[in-house]
Amino acid sequence: MNSIERELSFEYVRSSGPGGQNVNKVATAVQLRFDVTRSPSLSEEVKARLVKLAGKRVSADGILVIEAKRYRAQEQNRFDALERFYGLLKKASQRPRTRKPTSPTRASKERRLEGKRKRAEIKRSRQGNDWS
């Protein structure tokens with residue numbers, strides 16, 4: 001068990017939606033909770049990206065909540081929540097590539113100028129006609 005797994009907490013709640021009596025009796029939905037702001041395992045850079053990626057799933061106190069209720073079995077929902085959490089963490093730990101500015105190609109310049117010429121010709125053809 002790695003250090004991040006020790007920081008995770010799971011809460012089992014009753015799932016909503018169809019499922020009959022099973023839904024009303026059994027707590028199969030899983031809420032995975034992870035305190036992003038107080039986590040010693042993540043760098044500040046990764047924490048900031050994780051909060052941005054998670055969006056509304058992060059509360060005001062910096063706790064990430066992932067709710068999994070796709071399956072009828074509690075264990076499957078727990079695995080689903082973990083999978084989604086690790087996917088989010090993996091995406092947040094990758095540094096975004098910096099954009100390298102490039103100059104336009106000759107072909108793109110020519111296409112732009114050709115478009116401008118055509119537009120100018122259309123406008124020129126509208127002038128000079130006195131329709132009255």
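Colleague: How many aromatic pairs does the count come to?

Modeller: The model is predicted, so to speak for itself: local features need pLDDT of at least 70, side-chain atom pairs count only at pLDDT 80 or more, and totals for chains, interfaces and linings use all residues. Residues are numbered from 1 along each chain as its sequence is written, and side-chain values use heavy atoms, leaving out hydrogens and water. Rings of Phe, Tyr and Trp (its six-membered ring) pair if their centres lie within 6.5 Å; planes under 30 degrees apart are stacked, over 60 edge-to-face, the rest tilted. By this rule the count is 2 aromatic pairs.

Colleague: Which residues do the ring pairs link into a cluster?

Modeller: Ring pairs are the links here. They join Phe-34, Phe-85 and Tyr-86.

Colleague: In what order do the 3 strands form the open sheet?

Modeller: Strands (E, at least two residues) are DSSP runs, numbered from the N terminus, as are helices (H or I, at least four). Two strands pair if DSSP finds at least two bridges between them. The pairing is antiparallel, and the order is E1-E2-E3.

Colleague: Why is one side of E1 and of E3 left without a neighbour in the sheet?

Modeller: E1 (9-13) and E3 (63-68) stand at the edges.

Colleague: Which residue in E2 stands opposite Glu-11?

Modeller: E1 and E2 (residues 29-35) run antiparallel, joined by 5 bridges. Opposite Glu-11 stands Gln-31.
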